[in-house]
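Good morning, and thank you for joining.

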Amino acid sequence: MPDIKAKDLKLIQYLNEAYGKEKQLETALEAHIAMTTRAPYRRRLEQHLRETKAHARDVERRIKQLGGKASDVTVPGPDAVTEGINRAVTIARKSVAALQGPVHVLRGTGEQERLLKNAKSELQDEAEEIATYTAIEHLAQIVSDRETAQLARRIRREEERMRDFLTRQIPQLTKAVATEEIPAAERRNGRRRRTTRRASTTRRRTSASRSRSTSRARSGSRSRGRARPASSRARSGARSRS
């Protein structure tokens, strides 16, 4: 890539890293969608697959605008050698991505376990992409490349929304795994212990309340008992005066 400035070469390198990850994730997401039975989760994966394909196209376009060529990896060196190495690595990357689908289908002991493992893998991928686009955005700002910075920021925000979705999804999937694979009696133990503690607390409070009521009743009785002799003395005084 002759006559390309150092700043653009570095941006092309980082953009190619992002491009390679987007292309790899396309295959993984397609496999995950095929095995996902939860409708809301499946719809979100389908939406993110469309976003992922759009990200790859946008990043590829920006690489070309900077004078580079989109590939899964960039290896420094003489052009002829670099091109050959890039081609070999690209083929290897695609082979690995193609194998991810069958491997992901086999993972886990049950359907919910597979979905949970997929969500954990997707969350890891989102973290990597967020880091990559954050680096691209800040590098672009440093070298005053506003267009690349805006592209990276937009994509990063979409990746962050997917990250947040997966973060909320994982507890639900974990609960589904527990329901599917752990007997109900074992899952209710903790609930019974909490119920027992609440019942014990209620009994103590009721007992304390009754004690206070009994004490007040006794106190009132003693007060009335003391009042009766006074009333009797008053009647006696009246008889004496008469």
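Tyrosine 41 and phenylalanine 165 are both buried, that is, under 20% relative accessible area, with exposed meaning over 50% and partly exposed in between, for a 1.4 Å probe and protein chains only. This is a predicted model, in which local features need pLDDT of at least 70 and side-chain atom pairs count only at pLDDT 80 or more, while totals for chains, interfaces and linings use all residues. Residues are numbered from 1 along each chain as its sequence is written, and side-chain values use heavy atoms, leaving out hydrogens and water.

How many aromatic pairs does a search of the whole structure find? The search finds 1, where rings of Phe, Tyr and Trp (its six-membered ring) pair if their centres lie within 6.5 Å. The ring centres of tyrosine 41 and phenylalanine 165 are 6.1 Å apart and the planes meet at 40°, so the pair is tilted; planes under 30 degrees apart count as stacked, over 60 as edge-to-face and the rest as tilted. The pair links distant parts of the chain, with tyrosine 41 in helix H2 and phenylalanine 165 in helix H5, 124 residues apart. Helices are DSSP runs (H or I, at least four residues), numbered from the N terminus.

The charged end of arginine 44 also sits over the ring of phenylalanine 165, 5.8 Å from its centre; the criterion is NZ of Lys or CZ of Arg within 6 Å of the ring centre and within 35 degrees of the ring normal.

Finally, confidence: the protein chain has a mean pLDDT of 81, pLDDT being the predictor's confidence in each residue, from 0 to 100.

Terms used:
Helix = DSSP H or I, 4+ residues; strand = E, 2+ residues; numbered from the N terminus.
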